[in-house]
Amino acid sequence: MISPGTDFDVIFLGDGLSGLIAASLLAKEGRKIVLLKERRYRPYYEREGYRFVFFSTPLDETIPIDLLRKIPFPEQGPGYREAGAGLKRSVAFQVLLPEARIDLYRDRTLLRKEWQREFPKELGPIEAFYEALERRRQDPFPFAPPSFFNRAFPLDRFLRARRVDDCLPPLSKEFETVLQLQALSRSYLYLDSYPLPLLARLIEYGETGPRVQVDLGRVERGLLHTLLHNGGLIQETDEVERVEVRWRGEVRVYLKEGRGPLQCQRFVINTPPHSFSNLFGKKRDFLFKWRGRIRPRYKVIPFCAGIRKRVVPVGMGGQLVSLLDPEKPLEGGNLLFLRLGRLGEEASAPEGKIGLTAEALMPFDESGRRPISELETGVIAHLNRLFPFLEDSLEFIDRRWIEEQGDCWSYPHYIYGKPSHFRWWEGIVPIKISRSVYVSGRVNYPQLGMEGEFLSGIHVAEELSKSFR
């Protein structure tokens with residue numbers, strides 16, 4: 001328990017991954033850090049020997065190795081799997097459409113064979129499309145400080161979002177759907193059309209630089225160890241009632257427990273900004289502008305299912321995106337992100353059984369009004385289409401976790417809508433929003449998914465470190 005009135009260099013609100021990265025890096029520099037953690041929020045769910053860990057996109061666990069090397073771990077390391085020959089030849093995930101199952105290989109040669117099998121009549125236009133992506137990879141790397149020329153002549157007029165069929169030979173609606181699902185599977189941002197440079201970063205074909213597959217739970221535990229080992233503190237709380245920014249820049253944070261304020265020089269919001277209403281008071285709400293610029297479009301709703309192995313079709317992988325009807329909206333269980341646990345993985349399921357996490361989308365504006373039971377009906381109908389004889393092999397399907405945890409201010413699983421004045425190579429919500437207040441997390445670079453969350457943590461640490469010099 002932290003005493004009221006204690007002075008800190010930085011207080012982090014929330015224990016999301018990007019904030020953990022920044023807090024750990026600053027603690028290693030000797031800064032006095034405290035992380036405020038929501039007492040009742042749990043990022044996992046356990047039932048009858050099953051353990052479910054939730055995700056926002058199917059490719060949350062695939063990270064560029066150069067980013068992973070920039071974050072602090074204990075000596076035993078993060079336990080990642082190098083993207084060697086075995087991983088490169090593996091299937092990143094599968095896209096399931098009403099009449100097709102597409103294996104999205106990381107290896108270019110194998111992926112080309114997949115396109116030849118599924119889209120034999122348009123292989124030429126598809127290859128032309130990938131050649132265009134390769135050319136676009138030569139565009140400036142995002143987040144680099146702009147030159148004087150780029151500030152005077154913004155590049156966005158040359159890199160506007162365009163539909164694929166505006167700049168290439170016609171491609172089938174089905175292939176465009178696969179591309180959109182690939183992009184959505186790595187991004188926390190839903191766009192009706194993607195700029196080609198951004199699409200080139202999001203889809204698996206032609207990865208630039210080696211990527212690794214990581215256990216995010218282990219990464220977070222390693223970061224917590226680093227934070228605590230270097231003198232950082234963690235304070236559980238039910239709610240932050242208000243934050244006061246004093247005229248000299250000092251920040252006072254008042255908790256619901258009412259034991260007096262905590263004080264700091266810098267305050268970092270490390271949780272979805274829309275979760276807080278007038279955190280700084282009506283007269284000085286630093287979040288108001290940015291809450292209006294980017295808002296969740298969909299809330300990701302997870303369902304936990306325990307199933308027997310025999311129900312899984314031959315060839316079905318562990319990570320899937322399934323769309324029942326490309327002509328319908330994404331809600332209602334029509335689109336599912338699926339993750340199947342590995343058979344025999346004692347930490348996630350009993351022997352001979354598999355844990356299945358099925359995540360559907362609900363329009364954010366309706367998530368507080370529509371009961372989750374309505375969405376569950378569509379999800380079960382969708383699962384019955386994917387898994388023959390599911391009813392005979394289903395142990396349970398459970399929505400209890402989302403009903404208990406979905407209204408927590410720590411809940412991170414949202415797909416954001418297109419913000420105004422969107423430039424894909426820049427951040428959307430700036431890291432620094434005032435002299436003393438910073439934002440870290442998915443709203444900084446939602447267009448890059450988990451990669452953007454790593455970038456956010458690293459950049460927040462850099463900005464805070466500079467502010468103390």
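Predicted model: local features only at pLDDT ≥ 70, side-chain atom pairs only at ≥ 80, totals over all residues.

Student: Okay, so is Glu-48 buried or exposed?
Tutor: Glu-48 has a relative accessible area of 51%, so it counts as exposed, because the cut-off is over 50%.

Student: And where does Glu-48 sit?
Tutor: In the loop between β3 and β4, the latter covering 50-53. The backbone stands out there: phi of Glu-48 is positive, about 50 degrees, though the residue is not a glycine. Most residues other than glycine have a negative phi.

Student: Which loop holds Phe-389?
Tutor: Phe-389 is in the loop between α12 (372-386) and α13 (390-393). Its phi is positive too, near 60 degrees, and Phe-389 is not a glycine either. With a relative accessible area of 69%, Phe-389 is exposed.

Student: Switching topic. How many salt bridges are there in the whole structure?
Tutor: A search turns up 22. In general, side chains of opposite charge can pair when their charged atoms come close.

Student: Give me one. What does Arg-39 pair with?
Tutor: Arg-39 meets Asp-238 in a salt bridge, at 3.0 Å from N to O. That pair links distant parts of the chain, 199 residues apart: Arg-39 is in the loop between β2 (33-38) and β3 (44-47), while Asp-238 is in the loop between β9 (233-237) and β10 (240-245).

Student: What about Arg-51, which residue is its partner?
Tutor: Glu-46, with 2.6 Å from N to O. Arg-51 is partly exposed at 31% relative accessibility, and Glu-46 is partly exposed as well, at 48%.

Student: One more pair, then. Which residue does Glu-118 bridge to?
Tutor: Arg-117, and their closest N and O atoms are 2.7 Å apart. Glu-118 counts as buried at 18% relative accessibility, whereas Arg-117 is partly exposed at 48%. As for groups of salt bridges, Arg-39, Glu-236 and Asp-238 are joined into one network through shared partners.

Student: Let's go back to Glu-118. Which residues of helix α4 are buried?
Tutor: In α4, residues 108-118, the buried ones are Leu-110, Leu-111, Glu-114, Trp-115 and Glu-118. They span an arc of only 145 degrees around the axis, so they lie on the same side of α4.

Student: Why would residues spaced out along a helix point the same way?
Tutor: Because an α-helix has 3.6 residues a turn, residues three or four places apart point the same way.

Student: What covers the buried residues of α4?
Tutor: The cover includes β7 (100-105), α5 (123-136) and α8 (173-184).

Student: Which residues line the largest cavity?
Tutor: Pro-273, His-274, Trp-290, Arg-291, Ile-294, Tyr-416, Val-429 and Val-443. By type, that lining divides into six nonpolar, one polar and one charged.

Technical notes: Residues numbered from 1 in each chain as written. Heavy atoms only, no water. 1 Å grid on protein atoms, 1.4 Å probe; cavity = no way out; pocket = protein on both sides within 12 Å on 5 of 7 lines; lining within 4 Å. Nonpolar A, V, L, I, M, F, W, Y, C, P; charged D, E, K, R; others polar. Salt bridge = Lys/Arg side-chain N within 4 Å of Asp/Glu carboxyl O. Helix = DSSP H or I, 4+ residues; strand = E, 2+ residues; numbered from the N terminus. Buried < 20%, exposed > 50% of the residue type's maximum accessible area, 1.4 Å probe, protein only. Arc of directions from axis to C-beta. Contact = heavy atoms within 4.5 Å.
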